[in-house]
Amino acid sequence: MIKEINFKLNGKETILEIHPLKRLLDVLREDCGLTGVKEGCGEGECGACSVLIDGILANACLYPMGKIQGKEVVTIEGLVGTDRYAILKESFEQAGAVQCGFCSPGMIMAAESLLRRNPHPLEQQIREAISGNLCRCTGYNMILDAVQMAAKRGDGIW
Amino acid sequence: MVAAYRPKNLKDALEAIIYTEYIVLAGGTDLMVKKKQGAGLLPAFDKPVLFIADLEELKQINEKEGYLTIGAACSFSSLIDNPLIPALYKQVFLQIASPAVRNIATIGGNICNSSPAGDSLPLLYALDASIIIENSCRRIEIPIADFITGPGRNMLTSSELVTAIKLPVLHFDYVVYKKVSARKSTALSKVSFVAMAKLKDSRLEDVRIAFGSVAPTIVRSRDVEEAIIYNSSNGSLDKTEIISYYTTLIKPIDDQRSTAFYRRQVCKRLLVDFLGNWLC
Ligand SMILES: Cc1cc2nc3c(=O)[nH]c(=O)nc-3n(C[C@H](O)[C@H](O)[C@H](O)COP(=O)(O)OP(=O)(O)OC[C@H]3O[C@@H](n4cnc5c(N)ncnc54)[C@H](O)[C@@H]3O)c2cc1C
Ligand code: FES
Ligand code: FES
(Lines give C-alpha, C1' and ligand atoms only; values in the text may rest on other atoms or scores of the structure.)
(Ligands and ions follow the chains in the order given, each with its own letter.)
Protein backbone atom coordinates (compact mmCIF):
# COMPACT_ATOMS: atom_id res chain seq x y z
CA MET A 1 0.00 0.00 0.00
CA ILE A 2 1.38 3.36 -1.04
CA LYS A 3 0.30 6.61 0.55
CA GLU A 4 1.05 10.22 -0.06
CA ILE A 5 2.98 11.66 2.86
CA ASN A 6 3.58 15.39 3.23
CA PHE A 7 6.30 16.66 5.47
CA LYS A 8 9.07 19.22 5.65
CA LEU A 9 12.55 17.82 5.05
CA ASN A 10 15.53 20.01 5.81
CA GLY A 11 13.39 23.09 5.31
CA LYS A 12 11.72 21.97 2.04
CA GLU A 13 8.07 20.96 1.72
CA THR A 14 8.21 17.37 0.52
CA ILE A 15 5.57 14.99 -0.83
CA LEU A 16 6.43 11.32 -1.18
CA GLU A 17 4.37 8.40 -2.40
CA ILE A 18 5.58 5.81 0.04
CA HIS A 19 4.57 2.80 2.12
CA PRO A 20 3.47 4.15 5.53
CA LEU A 21 5.36 1.40 7.38
CA LYS A 22 8.69 2.03 5.62
CA ARG A 23 11.23 3.25 8.14
CA LEU A 24 12.13 6.94 8.01
CA LEU A 25 15.77 5.79 8.02
CA ASP A 26 15.34 3.89 4.73
CA VAL A 27 13.35 6.70 3.14
CA LEU A 28 16.01 9.27 4.01
CA ARG A 29 18.87 7.12 2.75
CA GLU A 30 17.27 5.42 -0.25
CA ASP A 31 14.54 7.74 -1.49
CA CYS A 32 16.06 11.08 -0.51
CA GLY A 33 19.77 10.31 -0.86
CA LEU A 34 20.56 11.64 2.61
CA THR A 35 23.28 9.16 3.55
CA GLY A 36 24.56 11.19 6.49
CA VAL A 37 21.89 9.32 8.42
CA LYS A 38 23.54 5.98 9.26
CA GLU A 39 22.20 2.60 10.20
CA GLY A 40 24.23 1.01 12.98
CA CYS A 41 21.85 -1.30 14.79
CA GLY A 42 18.39 -0.62 13.39
CA GLU A 43 17.04 -1.09 16.92
CA GLY A 44 17.31 2.25 18.70
CA GLU A 45 20.53 1.32 20.49
CA CYS A 46 23.31 3.19 18.69
CA GLY A 47 22.02 6.64 17.75
CA ALA A 48 23.75 6.64 14.34
CA CYS A 49 20.39 7.36 12.70
CA SER A 50 19.56 10.37 14.94
CA VAL A 51 17.53 13.15 13.34
CA LEU A 52 15.39 15.98 14.68
CA ILE A 53 11.63 15.54 14.31
CA ASP A 54 9.76 18.75 15.10
CA GLY A 55 12.98 19.85 16.79
CA ILE A 56 13.21 16.76 18.99
CA LEU A 57 15.99 14.17 18.80
CA ALA A 58 14.72 10.81 17.54
CA ASN A 59 16.00 7.54 16.07
CA ALA A 60 14.99 7.35 12.40
CA CYS A 61 15.16 3.54 12.53
CA LEU A 62 12.23 3.47 14.99
CA TYR A 63 9.95 5.76 12.95
CA PRO A 64 7.54 4.40 10.35
CA MET A 65 6.75 7.00 7.65
CA GLY A 66 3.07 7.13 8.58
CA LYS A 67 4.06 8.98 11.74
CA ILE A 68 5.97 11.60 9.75
CA GLN A 69 2.87 13.09 8.08
CA GLY A 70 2.81 16.85 8.75
CA LYS A 71 6.10 16.85 10.67
CA GLU A 72 9.40 18.63 10.14
CA VAL A 73 12.49 16.43 9.79
CA VAL A 74 16.04 17.77 9.99
CA THR A 75 19.03 15.57 9.19
CA ILE A 76 22.73 16.37 9.46
CA GLU A 77 22.54 17.58 5.83
CA GLY A 78 19.99 20.15 6.95
CA LEU A 79 22.36 21.54 9.57
CA VAL A 80 25.23 22.01 7.13
CA GLY A 81 25.43 25.67 6.21
CA THR A 82 24.36 26.95 9.63
CA ASP A 83 26.79 28.75 11.94
CA ARG A 84 26.00 26.17 14.60
CA TYR A 85 27.10 23.36 12.32
CA ALA A 86 30.32 25.19 11.42
CA ILE A 87 31.19 25.46 15.11
CA LEU A 88 30.29 21.85 15.87
CA LYS A 89 32.27 20.58 12.88
CA GLU A 90 35.36 22.60 13.77
CA SER A 91 35.16 21.57 17.43
CA PHE A 92 34.72 17.87 16.59
CA GLU A 93 37.73 18.05 14.22
CA GLN A 94 39.97 19.90 16.64
CA ALA A 95 39.09 17.76 19.66
CA GLY A 96 39.86 14.58 17.71
CA ALA A 97 36.24 13.50 18.13
CA VAL A 98 36.03 12.05 14.61
CA GLN A 99 37.93 8.90 13.75
CA CYS A 100 36.06 6.56 11.39
CA GLY A 101 33.21 9.08 11.42
CA PHE A 102 30.34 6.60 11.43
CA CYS A 103 28.87 7.90 14.69
CA SER A 104 29.64 11.56 13.98
CA PRO A 105 26.40 12.67 12.27
CA GLY A 106 24.37 11.14 15.12
CA MET A 107 26.70 12.63 17.75
CA ILE A 108 26.40 16.05 16.15
CA MET A 109 22.60 15.81 16.06
CA ALA A 110 22.62 14.82 19.76
CA ALA A 111 24.95 17.73 20.53
CA GLU A 112 22.77 20.16 18.55
CA SER A 113 19.69 18.91 20.40
CA LEU A 114 21.42 19.39 23.77
CA LEU A 115 22.77 22.86 22.99
CA ARG A 116 19.37 24.06 21.79
CA ARG A 117 17.88 23.15 25.14
CA ASN A 118 20.89 23.92 27.25
CA PRO A 119 23.59 26.14 25.65
CA HIS A 120 25.93 25.85 28.67
CA PRO A 121 25.84 22.18 29.63
CA LEU A 122 27.80 20.64 32.49
CA GLU A 123 29.96 17.62 31.74
CA GLN A 124 27.38 15.29 33.28
CA GLN A 125 24.66 16.77 31.10
CA ILE A 126 26.76 16.21 27.97
CA ARG A 127 27.35 12.60 28.98
CA GLU A 128 23.62 12.13 29.46
CA ALA A 129 22.79 13.83 26.14
CA ILE A 130 25.05 11.52 24.12
CA SER A 131 24.24 8.43 26.18
CA GLY A 132 22.13 6.97 23.36
CA ASN A 133 24.97 7.28 20.83
CA LEU A 134 27.63 4.61 20.52
CA CYS A 135 31.16 5.31 19.27
CA ARG A 136 33.52 2.41 18.58
CA CYS A 137 36.60 4.59 18.08
CA THR A 138 37.12 7.62 20.28
CA GLY A 139 36.35 6.42 23.79
CA TYR A 140 33.92 9.35 24.17
CA ASN A 141 36.19 11.75 26.06
CA MET A 142 37.15 13.57 22.90
CA ILE A 143 33.49 13.90 22.01
CA LEU A 144 32.84 15.43 25.44
CA ASP A 145 35.69 17.87 24.81
CA ALA A 146 34.25 18.70 21.40
CA VAL A 147 30.81 19.54 22.77
CA GLN A 148 32.34 21.63 25.56
CA MET A 149 34.47 23.45 23.01
CA ALA A 150 31.46 24.09 20.77
CA ALA A 151 29.41 25.42 23.69
CA LYS A 152 32.19 27.88 24.52
CA ARG A 153 32.89 28.99 20.95
CA GLY A 154 29.25 29.16 20.03
CA ASP A 155 28.28 31.14 23.12
CA GLY A 156 25.10 33.04 22.26
CA ILE A 157 24.18 31.29 19.02
CA TRP A 158 22.18 28.39 20.40
CA MET B 1 -5.72 -4.91 2.88
CA VAL B 2 -5.30 -1.62 4.71
CA ALA B 3 -1.68 -1.45 5.82
CA ALA B 4 -1.99 1.52 8.12
CA TYR B 5 -4.43 4.14 9.32
CA ARG B 6 -3.96 7.55 10.92
CA PRO B 7 -7.16 8.30 12.82
CA LYS B 8 -8.24 11.95 12.94
CA ASN B 9 -9.16 11.86 16.61
CA LEU B 10 -9.81 9.43 19.47
CA LYS B 11 -13.41 8.82 18.43
CA ASP B 12 -12.28 7.93 14.92
CA ALA B 13 -9.65 5.57 16.36
CA LEU B 14 -12.13 3.83 18.65
CA GLU B 15 -14.55 3.37 15.74
CA ALA B 16 -11.85 2.02 13.44
CA ILE B 17 -10.93 -0.75 15.86
CA ILE B 18 -14.49 -2.06 16.11
CA TYR B 19 -14.44 -3.42 12.55
CA THR B 20 -10.77 -4.12 11.87
CA GLU B 21 -8.18 -5.78 14.05
CA TYR B 22 -5.26 -3.35 14.16
CA ILE B 23 -1.82 -3.38 15.72
CA VAL B 24 -1.79 -0.18 17.75
CA LEU B 25 1.47 1.73 17.29
CA ALA B 26 2.24 4.58 19.70
CA GLY B 27 5.98 5.32 19.95
CA GLY B 28 6.79 2.13 18.08
CA THR B 29 9.98 1.65 20.10
CA ASP B 30 8.95 -1.87 21.05
CA LEU B 31 7.05 -2.71 17.86
CA MET B 32 9.57 -1.44 15.30
CA VAL B 33 12.28 -3.53 16.96
CA LYS B 34 10.07 -6.61 17.22
CA LYS B 35 8.94 -6.38 13.57
CA LYS B 36 12.29 -5.34 12.11
CA GLN B 37 13.46 -7.17 8.99
CA GLY B 38 16.67 -5.30 8.19
CA ALA B 39 18.06 -2.38 6.20
CA GLY B 40 15.80 -1.35 3.35
CA LEU B 41 13.07 -3.85 4.23
CA LEU B 42 9.58 -3.13 5.48
CA PRO B 43 8.99 -4.17 9.09
CA ALA B 44 6.85 -7.32 9.14
CA PHE B 45 3.48 -6.30 10.54
CA ASP B 46 0.96 -9.07 9.98
CA LYS B 47 -2.06 -6.86 10.62
CA PRO B 48 -2.87 -3.28 9.68
CA VAL B 49 -1.29 -0.62 11.90
CA LEU B 50 -3.11 2.17 13.72
CA PHE B 51 -0.96 5.23 14.45
CA ILE B 52 -2.01 6.83 17.73
CA ALA B 53 1.03 8.93 18.70
CA ASP B 54 -0.45 12.17 17.37
CA LEU B 55 -3.90 11.91 18.96
CA GLU B 56 -4.18 15.06 21.10
CA GLU B 57 -6.69 13.40 23.46
CA LEU B 58 -3.97 10.92 24.44
CA LYS B 59 -1.31 13.56 25.13
CA GLN B 60 -2.90 15.50 27.97
CA ILE B 61 -1.56 15.68 31.52
CA ASN B 62 -3.95 16.93 34.20
CA GLU B 63 -4.04 17.07 37.97
CA LYS B 64 -7.29 17.04 39.88
CA GLU B 65 -8.01 16.35 43.55
CA GLY B 66 -4.64 14.77 44.20
CA TYR B 67 -4.67 12.55 41.11
CA LEU B 68 -2.69 12.87 37.91
CA THR B 69 -4.26 11.71 34.69
CA ILE B 70 -1.61 11.08 32.08
CA GLY B 71 -2.56 10.48 28.45
CA ALA B 72 -1.37 7.10 27.18
CA ALA B 73 0.57 8.62 24.27
CA CYS B 74 2.67 10.95 26.44
CA SER B 75 6.34 10.30 25.79
CA PHE B 76 8.63 9.80 28.76
CA SER B 77 10.40 13.08 27.83
CA SER B 78 7.11 14.98 27.95
CA LEU B 79 6.55 13.61 31.47
CA ILE B 80 10.07 14.55 32.53
CA ASP B 81 9.53 18.10 31.21
CA ASN B 82 6.08 18.56 32.79
CA PRO B 83 5.89 20.57 36.04
CA LEU B 84 2.86 18.58 37.28
CA ILE B 85 4.87 15.36 37.51
CA PRO B 86 6.57 14.91 40.93
CA ALA B 87 10.38 14.72 40.94
CA LEU B 88 10.26 11.22 42.43
CA TYR B 89 8.36 9.91 39.40
CA LYS B 90 10.68 11.73 37.00
CA GLN B 91 13.68 10.07 38.61
CA VAL B 92 12.30 6.73 37.43
CA PHE B 93 11.45 7.90 33.89
CA LEU B 94 14.92 9.44 33.48
CA GLN B 95 16.53 6.01 33.72
CA ILE B 96 14.55 4.55 30.84
CA ALA B 97 16.38 3.96 27.54
CA SER B 98 18.21 7.04 26.14
CA PRO B 99 17.20 10.67 25.53
CA ALA B 100 16.17 10.03 21.89
CA VAL B 101 14.21 6.87 22.72
CA ARG B 102 12.50 8.65 25.64
CA ASN B 103 11.39 11.32 23.17
CA ILE B 104 9.49 8.64 21.24
CA ALA B 105 8.56 5.93 23.76
CA THR B 106 5.19 6.36 25.48
CA ILE B 107 4.06 5.43 28.97
CA GLY B 108 0.99 3.68 27.48
CA GLY B 109 3.31 1.58 25.32
CA ASN B 110 5.40 0.60 28.34
CA ILE B 111 2.26 -0.56 30.15
CA CYS B 112 0.66 -2.34 27.16
CA ASN B 113 3.92 -4.08 26.34
CA SER B 114 3.47 -5.55 29.85
CA SER B 115 7.05 -6.76 30.09
CA PRO B 116 8.25 -7.69 33.59
CA ALA B 117 11.23 -5.44 32.72
CA GLY B 118 9.07 -2.41 31.92
CA ASP B 119 10.78 0.27 33.98
CA SER B 120 7.77 2.45 34.68
CA LEU B 121 5.86 -0.51 36.12
CA PRO B 122 7.34 -0.95 39.64
CA LEU B 123 6.60 2.72 40.33
CA LEU B 124 3.07 2.47 38.92
CA TYR B 125 2.40 -0.67 41.00
CA ALA B 126 3.80 0.99 44.12
CA LEU B 127 1.53 3.99 43.59
CA ASP B 128 -1.58 1.85 42.94
CA ALA B 129 -1.95 3.42 39.50
CA SER B 130 -5.02 2.58 37.47
CA ILE B 131 -5.32 2.14 33.75
CA ILE B 132 -8.11 3.80 31.82
CA ILE B 133 -9.42 1.66 28.97
CA GLU B 134 -11.88 2.86 26.36
CA ASN B 135 -13.83 1.35 23.55
CA SER B 136 -16.38 3.13 21.38
CA CYS B 137 -19.10 2.94 24.01
CA ARG B 138 -17.54 2.82 27.45
CA ARG B 139 -14.63 3.85 29.61
CA ILE B 140 -13.40 1.72 32.50
CA GLU B 141 -10.70 2.09 35.12
CA ILE B 142 -8.69 -0.94 36.25
CA PRO B 143 -5.87 -1.28 38.81
CA ILE B 144 -2.58 -1.89 37.02
CA ALA B 145 -1.97 -5.13 38.92
CA ASP B 146 -5.22 -6.52 37.46
CA PHE B 147 -4.61 -5.09 33.99
CA ILE B 148 -1.30 -6.92 33.53
CA THR B 149 -1.95 -10.66 33.59
CA GLY B 150 1.43 -12.18 32.72
CA PRO B 151 4.71 -11.50 30.92
CA GLY B 152 3.71 -9.62 27.76
CA ARG B 153 0.05 -10.21 28.54
CA ASN B 154 -2.77 -7.95 29.64
CA MET B 155 -6.55 -7.85 29.55
CA LEU B 156 -6.89 -5.46 26.59
CA THR B 157 -9.00 -6.68 23.65
CA SER B 158 -8.52 -5.57 20.05
CA SER B 159 -11.50 -3.20 20.18
CA GLU B 160 -10.04 -1.22 23.11
CA LEU B 161 -7.31 1.32 23.67
CA VAL B 162 -5.56 2.37 26.82
CA THR B 163 -6.29 6.08 26.85
CA ALA B 164 -4.79 7.23 30.15
CA ILE B 165 -3.07 6.31 33.38
CA LYS B 166 -4.37 7.66 36.67
CA LEU B 167 -2.05 7.91 39.63
CA PRO B 168 -2.10 9.68 42.97
CA VAL B 169 0.33 12.47 43.76
CA LEU B 170 1.87 11.17 46.96
CA HIS B 171 4.64 12.43 49.17
CA PHE B 172 7.18 10.03 50.65
CA ASP B 173 10.02 10.92 53.00
CA TYR B 174 12.39 8.23 51.82
CA VAL B 175 12.56 6.94 48.33
CA VAL B 176 14.94 4.42 46.86
CA TYR B 177 14.84 3.68 43.15
CA LYS B 178 17.44 1.37 41.74
CA LYS B 179 17.66 0.09 38.21
CA VAL B 180 20.33 -2.58 37.89
CA SER B 181 21.46 -3.05 34.29
CA ALA B 182 24.56 -3.72 32.22
CA ARG B 183 25.06 -0.03 31.55
CA LYS B 184 23.32 3.16 32.51
CA SER B 185 21.78 4.06 29.19
CA THR B 186 19.80 2.01 26.70
CA ALA B 187 19.81 -1.23 28.67
CA LEU B 188 16.92 -3.29 29.97
CA SER B 189 16.81 -4.00 33.70
CA LYS B 190 18.22 -7.09 35.35
CA VAL B 191 16.41 -5.96 38.48
CA SER B 192 14.51 -2.82 39.31
CA PHE B 193 13.45 -1.82 42.78
CA VAL B 194 11.25 0.92 44.15
CA ALA B 195 10.83 1.43 47.88
CA MET B 196 9.19 4.38 49.57
CA ALA B 197 8.50 5.21 53.18
CA LYS B 198 6.39 7.90 54.77
CA LEU B 199 6.83 8.97 58.36
CA LYS B 200 4.54 10.78 60.73
CA ASP B 201 6.00 12.06 64.00
CA SER B 202 8.95 9.76 63.24
CA ARG B 203 6.63 6.76 63.07
CA LEU B 204 6.20 4.76 59.91
CA GLU B 205 2.91 5.72 58.33
CA ASP B 206 3.16 4.07 54.95
CA VAL B 207 5.57 1.93 52.99
CA ARG B 208 5.55 0.70 49.38
CA ILE B 209 7.95 -1.87 47.93
CA ALA B 210 7.99 -3.21 44.36
CA PHE B 211 10.43 -5.33 42.33
CA GLY B 212 10.68 -5.52 38.54
CA SER B 213 12.30 -8.14 36.24
CA VAL B 214 12.28 -10.87 38.87
CA ALA B 215 8.93 -12.63 38.30
CA PRO B 216 6.37 -12.96 35.49
CA THR B 217 4.88 -9.64 36.59
CA ILE B 218 5.92 -6.92 39.04
CA VAL B 219 6.21 -8.15 42.64
CA ARG B 220 4.38 -6.15 45.27
CA SER B 221 2.48 -7.24 48.36
CA ARG B 222 0.24 -4.88 50.27
CA ASP B 223 -0.11 -7.53 53.00
CA VAL B 224 3.61 -7.54 53.69
CA GLU B 225 3.72 -3.74 53.54
CA GLU B 226 0.92 -3.55 56.11
CA ALA B 227 2.73 -6.04 58.32
CA ILE B 228 5.85 -3.83 58.12
CA ILE B 229 3.84 -0.74 59.08
CA TYR B 230 2.01 -2.50 61.91
CA ASN B 231 5.06 -4.20 63.39
CA SER B 232 7.32 -1.18 63.12
CA SER B 233 4.79 0.90 65.06
CA ASN B 234 4.88 -1.51 68.00
CA GLY B 235 8.60 -2.15 67.75
CA SER B 236 8.32 -5.78 66.71
CA LEU B 237 9.52 -5.59 63.11
CA ASP B 238 11.30 -8.84 62.28
CA LYS B 239 13.39 -7.98 59.24
CA THR B 240 14.49 -11.56 58.63
CA GLU B 241 10.89 -12.63 58.38
CA ILE B 242 10.04 -9.82 55.96
CA ILE B 243 13.00 -10.72 53.78
CA SER B 244 12.13 -14.39 53.71
CA TYR B 245 8.56 -13.48 52.79
CA TYR B 246 9.69 -11.48 49.77
CA THR B 247 12.07 -14.28 48.86
CA THR B 248 9.08 -16.54 48.29
CA LEU B 249 7.40 -13.96 46.03
CA ILE B 250 10.46 -13.38 43.86
CA LYS B 251 10.79 -15.97 41.09
CA PRO B 252 13.58 -14.82 38.81
CA ILE B 253 14.79 -16.68 35.73
CA ASP B 254 18.10 -17.09 33.91
CA ASP B 255 18.10 -15.19 30.62
CA GLN B 256 20.58 -13.37 28.37
CA ARG B 257 20.59 -10.34 30.67
CA SER B 258 21.28 -12.04 33.98
CA THR B 259 20.88 -15.13 36.15
CA ALA B 260 18.24 -16.08 38.67
CA PHE B 261 20.94 -16.33 41.35
CA TYR B 262 22.26 -12.82 40.72
CA ARG B 263 18.76 -11.33 40.64
CA ARG B 264 17.79 -13.00 43.91
CA GLN B 265 20.97 -11.79 45.60
CA VAL B 266 20.55 -8.21 44.40
CA CYS B 267 16.88 -8.07 45.44
CA LYS B 268 17.77 -9.30 48.89
CA ARG B 269 20.55 -6.74 49.34
CA LEU B 270 18.43 -3.87 48.11
CA LEU B 271 15.71 -4.88 50.53
CA VAL B 272 18.11 -5.33 53.47
CA ASP B 273 19.58 -1.92 52.69
CA PHE B 274 16.17 -0.25 52.57
CA LEU B 275 14.87 -1.93 55.73
CA GLY B 276 18.09 -1.29 57.59
CA ASN B 277 18.83 2.27 56.52
CA TRP B 278 15.42 3.75 56.22
CA LEU B 279 13.21 1.80 58.55
CA CYS B 280 15.23 1.19 61.68
C1 LIG C 1 16.97 1.18 22.52
C2 LIG C 1 15.81 0.90 23.41
C3 LIG C 1 15.96 0.99 24.78
C4 LIG C 1 14.92 0.71 25.64
N5 LIG C 1 15.11 0.84 26.97
C6 LIG C 1 14.09 0.62 27.82
C7 LIG C 1 14.27 0.77 29.23
O8 LIG C 1 15.34 1.14 29.71
N9 LIG C 1 13.20 0.49 30.03
C10 LIG C 1 11.99 0.11 29.52
O11 LIG C 1 11.07 -0.10 30.30
N12 LIG C 1 11.79 -0.03 28.22
C13 LIG C 1 12.80 0.21 27.34
N14 LIG C 1 12.61 0.06 26.00
C15 LIG C 1 11.33 -0.45 25.51
C16 LIG C 1 10.33 0.62 25.04
O17 LIG C 1 10.97 1.82 24.67
C18 LIG C 1 9.29 0.93 26.09
O19 LIG C 1 8.61 -0.24 26.48
C20 LIG C 1 8.27 1.98 25.61
O21 LIG C 1 7.64 2.58 26.70
C22 LIG C 1 7.23 1.43 24.65
O23 LIG C 1 6.37 2.48 24.25
P24 LIG C 1 6.02 2.76 22.72
O25 LIG C 1 5.02 3.85 22.71
O26 LIG C 1 7.22 2.94 21.93
O27 LIG C 1 5.33 1.36 22.39
P28 LIG C 1 4.88 0.68 21.00
O29 LIG C 1 6.01 -0.03 20.40
O30 LIG C 1 4.15 1.70 20.16
O31 LIG C 1 3.81 -0.32 21.57
C32 LIG C 1 4.14 -1.34 22.52
C33 LIG C 1 2.94 -2.25 22.71
O34 LIG C 1 1.87 -1.57 23.34
C35 LIG C 1 0.71 -1.49 22.51
N36 LIG C 1 0.16 -0.15 22.72
C37 LIG C 1 0.87 1.02 22.79
N38 LIG C 1 0.08 2.03 23.18
C39 LIG C 1 -1.16 1.52 23.33
C40 LIG C 1 -2.42 2.09 23.73
N41 LIG C 1 -2.55 3.37 24.06
N42 LIG C 1 -3.52 1.27 23.79
C43 LIG C 1 -3.39 -0.05 23.47
N44 LIG C 1 -2.22 -0.65 23.11
C45 LIG C 1 -1.12 0.13 23.05
C46 LIG C 1 1.21 -1.78 21.12
O47 LIG C 1 0.19 -2.35 20.32
C48 LIG C 1 2.34 -2.76 21.40
O49 LIG C 1 1.85 -4.03 21.62
C50 LIG C 1 13.65 0.34 25.10
C51 LIG C 1 13.49 0.27 23.72
C52 LIG C 1 14.54 0.55 22.86
C53 LIG C 1 14.34 0.48 21.39
S1 FES D 1 20.36 2.60 13.64
FE2 FES D 1 18.88 3.69 14.72
S3 FES D 1 19.68 3.67 16.71
FE4 FES D 1 21.05 2.36 15.70
S1 FES E 1 34.41 7.79 15.28
FE2 FES E 1 34.18 5.72 14.69
S3 FES E 1 32.35 5.20 15.69
FE4 FES E 1 32.74 7.12 16.51
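Predicted model: local features only at pLDDT ≥ 70, side-chain atom pairs only at ≥ 80, totals over all residues.

Me: Which backbone takes part in a contact with an oxygen atom of ligand 1?
Reply: That of L31(B). A polar backbone atom there lies 2.9 Å from an oxygen atom of the ligand.

Me: Which side chain has an N or O atom 2.6 Å from a nitrogen atom of ligand 1?
Reply: The side chain of D119(B). As for cover, ligand 1 taken alone exposes 980 Å², and the protein buries 93% of that.

Me: Why is the site of ligand 1 called shared between chains?
Reply: Because residues from chains A and B surround the ligand. There are 35 residues around ligand 1. Those that come nearest are V24(B), T29(B), D30(B), T106(B) and D119(B).

Me: Which element gives the largest share of the shell around ligand 1?
Reply: α6(B), with 5 residues. In chain B, β2 (23-25), α2 (31-34), α6 (107-113) and β10 (161-168) each supply at least two residues of that shell.

Me: How many residues of each class are in the shell around ligand 1?
Reply: The shell has 19 nonpolar, 11 polar and 5 charged residues.

Me: How many aromatic pairs are there over all chains?
Reply: The count is 3.

Me: Why is the pair of F193(B) and F211(B) called tilted?
Reply: Start with the distance: the ring centres are 5.2 Å apart. The cut-off for a pair is 6.5 Å, so the two rings pair. Now the angle: the planes stand at 45°. Under 30 degrees would be stacked and over 60 edge-to-face, so this pair is tilted.

Me: What does the pair of F193(B) and F211(B) tie together?
Reply: Parts that are 18 residues apart in sequence. F193(B) lies in strand β12 (residues 191-200) of chain B, and F211(B) in strand β13 (residues 203-212) of chain B. Ring pairs also link F193(B), F211(B) and Y246(B) into a cluster.

Me: Are F193(B) and F211(B) buried or exposed?
Reply: F193(B) has 0% relative accessibility. F211(B) has 0% too. Buried means under 20%, so both labels follow: F193(B) is buried, and F211(B) is buried.

Me: What makes D201(B) exposed?
Reply: Its relative accessibility is 71%. D201(B) is found in the loop between β12 and β13 of chain B.

Me: Where is S202(B), and is S202(B) buried or exposed?
Reply: S202(B) is found in the loop between β12 and β13 of chain B. At 69% relative accessibility, S202(B) counts as exposed.

Me: Why remark on the phi of D201(B) and of S202(B)?
Reply: Because most residues other than glycine have a negative phi. Phi of D201(B) is near 45°, a positive value. Phi of S202(B) is near 55°, also positive.

Me: How do you know that the charged end of K67(A) sits over the ring of Y63(A)?
Reply: That charged end is 4.4 Å from the ring centre. K67(A) is listed as sitting over the ring of Y63(A).

Me: Which ring does the charged end of K190(B) sit over?
Reply: The ring of Y262(B), 5.5 Å from its centre.

Me: Why is T14(A) called buried?
Reply: Its relative accessible area is 16%. The limit is under 20%, so T14(A) counts as buried. T14(A) is in strand β2 (residues 12-18) of chain A. A polar atom of its side chain lies 2.9 Å from the backbone oxygen of K12(A).

Me: What makes I243(B) buried?
Reply: A relative accessible area of 13%. I243(B) is in helix α10 (residues 239-249) of chain B.

How values were computed:
Residues numbered from 1 in each chain as written. Chains lettered and ligands numbered in written order. Heavy atoms only, no water. Phe/Tyr/Trp six-rings, centres within 6.5 Å; stacked < 30°, edge-to-face > 60°. Helix = DSSP H or I, 4+ residues; strand = E, 2+ residues; numbered from the N terminus. Buried < 20%, exposed > 50% of the residue type's maximum accessible area, 1.4 Å probe, protein only. Lys NZ or Arg CZ within 6 Å of the ring centre and 35° of its normal. Near = heavy atom within 4 Å. Polar contact = N/O pair within 3.5 Å; in protein donor to acceptor, adjacent residues only side chain to side chain. Areas by Shrake-Rupley, 256 points an atom, 1.4 Å probe, with all protein chains shown as cover. Nonpolar A, V, L, I, M, F, W, Y, C, P; charged D, E, K, R; others polar.
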